Amino acid sequence: MTIFRTGLLAASLIVLSGGAAFADYELDILHINDLHSRIEAINAFDSTCSAEEEGKNECFGGVARLKTAIDAERQALSGRNVLLLNAGDNFQGSLFYTTYKGAVEAEFLNLMKFDAMTVGNHEFDDSEDGLATFLDKVEFPVVTANVAAGASSKLGDRIKPFVVIERGGEKIGIVGAVANDTAEISSPGDNVLIGDDVADITAAVGELKKQGIDKIVALTHVGYPRDLAAIAKIPDVDVVVGGHTHTLLSNTADKAEGPYPTLVDNPGGYKVPVVQAGAYSKYLGKLKVVFDDAGVVRQATGEPVLIDSAFKPDEAVAARIKELAGPIEELKNKIVAETAAPVDGSRETCRAAECQMGNLVADAILDRTKDQGMTIAVTNGGGLRASIDAGPVSMGEVLSILPFQNTVATFQLKGSDLTAALENGLGQIEEGAGRFPQVSGLKYTFDKTKPAGSRLVSVEAKEGDAFVPLDPEKTYGVASNNYMRAGGDGYSVFATAATNAYDFGPNLEVVVADYLAAHRPYTPYTDGRIAEAAAPAAETQATAETAGEAASTETAPAAGAETGTAARSAETPADATGGGETAEAATPAGGKHVVVRGDTLWDLAREAYGDGTLWRRISEANGNPRPRALAIGSELEIPAR
Ligand SMILES: [Zn+2]
């Protein structure tokens, strides 16, 4: 805050001394964005690097390495005009955030001596309280023009629209902004108003111009597409340093989404360099801009620095991280909820059929995003890494289910594209692939005996309280995870056909822990939302003719039982009717059921127990009738659970 006041004072001075002409002015901008609490180093998958990976020099980033990289760059640039900027989303993404709620991020960012930061949407994840605590601690200015804190807000007036910083005798104005939809994707609360990024940056730029400042950096957390389309076009903005979309810009990296910097035509007749530096402390952006003496960028060059194992972690920072990690072990032991029964998350079920853990995670994702208009959740069975037992659930257990630090992704998708995504998910069941789609807000039937790509028999989406066939032309609000949204597990249709996507919502483990806590004790369940068409089915024609003798002649006990097993696993009866034609009235467990045309043991088990895989229970209670020859009109006992 001291810097801010100095800045204002200095700003009024330049008005007095304005008019002097200077030669070209060079400014070096170092920048990061979307740190997402990667206090510890990350591996190639952006999750916490293990000791083993560290031993093999396979780790990137982490604040100890980032500190080394920043120090090295400052050293190399000593005597020059250098700014270190932070484009937001330092919160959320590791247990350091979950445990310390921003205090640790503030501590390390202070050590790195940032010159300015804009808040990101995730800085509001713990409402304004979390951000207020962070603002209490940071020793650098936080600038976000479109955040207006009300009189009763704990943020006070600590978030300014802009700051003026002097380097080498020149004043640079830095104007911040956060995503316009922050109120929907995070939780700023009633005391904080998020305004329009362009309007509020424009107003702040007007203020800076009034103060005679003509070198203006927009430090934004609105995403690369919007930086290109809108921010870089604001009159008198000279440079855009962005975040939010985790975009890697580079002139050398294969995975770059654009050149570093990306140049955009400003209506003022000059080019604006736009930069962003990936995410998760993996890169340090490094831009050199040359202003002419009218304050217009004449030249912009640079390339982000990949912070790989060549950078030795700063020892003091590493020691402090170790110290801070102690209480995190305690957090892993913290009980967040209870379950009434074990929750099955085994690979055998979750990669082949509806599973309890899939329902829990998909339900939790949908519950968290329904206010944003999402009605369907799809998550990959392979992303579920563990089952949990009945009783108290610790945060460590939730992390064992979801260890990847993945985030919730939301987007719009046409029904036909969703169908394509489900077909992808069903395409490698026999290999036990992780892509199997666990869902919420959706019901589907599949036939795994069909060739991959044509296994989906029917799909229904929940509309209000009813399920209706998925409309291929309709656009649905879909929630998933950032891994699948990036095309992971073959879900390329999520990457190419999704619109209005936001990939970096809250972490999955946080969403699931919160959901469990809100539904304690949580009772695991399956409800038949995913049905397999190739289930043991009533062979209605044959049965009708031989109903009378079925009991006597068709006993061949062992054979009957074996047929059932085979039909369930692989051998599909040609006349299997699928999930569509089931008996009208569900028979509760503990009752009797009169067989009607089209009945299958699978469907009866699903109706009675909410789980088709329990069909053998009914089969055994009735002397293992041939599953493909249930006698119409015969009575089946449906045993209690
Ligand atoms: Zn963001």
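Q: How do helix H12 and helix H17 cross, and within what distance do their axes come?
A: This is a predicted model, in which local features need pLDDT of at least 70, side-chain atom pairs count only at pLDDT 80 or more, and totals for chains, interfaces and linings use all residues. Residues are numbered from 1 along each chain as its sequence is written. The axes of H12 (residues 356–369) and H17 (residues 508–518) come within 9 Å and cross at roughly 90°; axes are lines fitted to C-alpha atoms, for helices over the stretch in contact, and angles run from 0 to 180 degrees between N-to-C directions. Helices (H or I, at least four residues) and strands (E, at least two) are DSSP runs, numbered from the N terminus.

Q: Why are H12 and H17 called roughly perpendicular?
A: Angles of 65 to 115 degrees count as roughly perpendicular, and the axes cross at roughly 90°, so H12 and H17 are roughly perpendicular to each other.

Q: Which residues of H12 meet H17?
A: Leu360, Val361, Ala364, Ile365, Asp367 and Arg368 in H12 meet Val511, Val512 and Tyr515 in H17, contact being C-beta atoms, placed from the backbone, within 7 Å.

Q: What makes S11 and S13 a pair?
A: Two strands pair if DSSP finds at least two bridges between them, and strand S11 (residues 239–241) and strand S13 (residues 270–275) have two bridges, in the parallel sense. Valine 240 stands opposite valine 274 in S13.

Q: Why do S7 and S12 stand at the edges of the sheet?
A: The open sheet of six strands runs in the order S7-S8-S10-S11-S13-S12, with mixed pairing. Strands S7 (162–167) and S12 (262–266) each have a single partner strand, so one side of each is left without a neighbour in the sheet.

How values were computed: Parallel < 35°, antiparallel > 145°, perpendicular 65-115°, else oblique. Contact = placed C-beta atoms within 7 Å.
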